[in-house]
Amino acid sequence: DAIFQCMAAVASNGDEALMFATPFLVMFMLFNGVVISRATAPVYMRWIFPISPTYWTLQAIITRIAEEEGSPDNFILANFGFEAGHEFHALAIIVVMNVVLRSLQVLALKFLNNLQK
């Protein structure tokens, strides 16, 4: 949500905002740990995982489901490299991204657009 609103504040119209936001959406959706995992990602693209909110969210959801299943050798956890216990990190990434992007949104609205009171 914050990514799209930040891009909307930067853009001059809706089409331009969609054009700016789409690369971020695609990168985060592809590098979510399921479509492209850390093990299968090219070395030069692995920097995306630590900042991808979809990666951390999916990891938290999938590890919680695996814990409820009770299977210690869960195929999904082993195959995708997800680890339990990173919920706080996931929350921190999402909160930090929201704060930074909302701040950039306010600055973009103030300096890039001719807003009237």
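## Basis of the description

Because the model is predicted, local features need pLDDT of at least 70 and side-chain atom pairs count only at pLDDT 80 or more, while totals for chains, interfaces and linings use all residues. Residues are numbered from 1 along each chain as its sequence is written, and side-chain values use heavy atoms, with hydrogens and water left out.

## Aromatic pairs

The structure holds four aromatic pairs. Rings of Phe, Tyr and Trp (its six-membered ring) pair if their centres lie within 6.5 Å; planes under 30 degrees apart count as stacked, over 60 as edge-to-face and the rest as tilted. In one of these pairs, the ring centres of Phe-31 and Phe-49 are 5.7 Å apart and the planes stand at 75°, so the arrangement is edge-to-face. Phe-31 belongs to the loop between helix H2 (14-30) and helix H3 (48-51), and Phe-49 to helix H3, so the pair ties together parts that are 18 residues apart in sequence. Helices (H or I, at least four residues) are DSSP runs, numbered from the N terminus, as are strands (E, at least two). Both Phe-31 and Phe-49 are buried; buried means under 20% relative accessible area, exposed over 50%, and partly exposed in between (1.4 Å probe, protein chains only).

Tyr-55 and Phe-82 form a tilted pair, because their ring centres are 5.9 Å apart and their planes lie at 50°. Tyr-55 is in helix H4 (residues 53-69), whereas Phe-82 is in the loop between helix H5 (75-80) and helix H6 (87-111), so this pair ties together parts that are 27 residues apart in sequence. Tyr-55 and Phe-82 are both buried. Ring pairs link Phe-31, Phe-49, Tyr-55, Trp-56 and Phe-82 into a cluster.

## Helix H1 and its cover

Helix H1 (residues 2-10) has Ala-2, Ile-3, Cys-6, Met-7 and Ala-9 buried. Viewed down the axis of H1, the buried residues fall within an arc of 155°, so they line one face of the helix; the arc is that of the directions from the helix axis to the C-beta atoms. H2 and H6 are among the elements that cover the buried residues of H1.

A residue of helix H6, Gln-105, is buried, with a relative accessible area of 14%. Neighbours within four places in sequence aside, Gln-105 is in contact (heavy atoms within 4.5 Å) with Gln-5, Cys-6 and Ala-9.

## Nonpolar surface patch

Val-10, Val-96, Val-100, Leu-104, Leu-107, Phe-111 and Leu-112 form a nonpolar patch on the surface, and together they have about 660 Å² of accessible area. Patches are made of residues with over 30% relative accessible area and no salt bridge; like charges are joined within 9 Å and nonpolar side chains (Val, Leu, Ile, Met, Phe, Trp, Tyr) within 5 Å. Accessible areas come from the Shrake-Rupley method with a 1.4 Å probe, and for residues only the protein chains shown count as cover.

H6 supplies the largest share of the nonpolar patch, five residues. Phe-111 lies in helix H6 and is exposed, with a relative accessible area of 61%.

## Salt bridges

Two salt bridges are found in the whole structure; a salt bridge is a side-chain nitrogen of Lys or Arg within 4 Å of a carboxyl oxygen of Asp or Glu. One joins Glu-67 and Arg-64, with the closest N and O atoms 4.0 Å apart. These two residues lie in helix H4, three residues apart, about one turn of the helix. Glu-67 is partly exposed at 48% relative accessibility, and Arg-64 is partly exposed at 44%.

Arg-64 also forms a salt bridge with Glu-87, where the closest N and O atoms are 3.8 Å apart. Arg-64 is in helix H4 and Glu-87 in helix H6, so the pair ties together parts that are 23 residues apart in sequence. Glu-87 is partly exposed, with a relative accessible area of 30%.

Gln-59, in helix H4, is buried, with a relative accessible area of 2%. Residues up to four places away in sequence not counted, Gln-59 touches Gly-81, Phe-82, Glu-83 and His-86. Gln-59 and Gly-81 are 22 residues apart in sequence, and their C-alpha atoms are 9.1 Å apart.

Thr-57 also has its place in helix H4 and counts as partly exposed at 32% relative accessibility.
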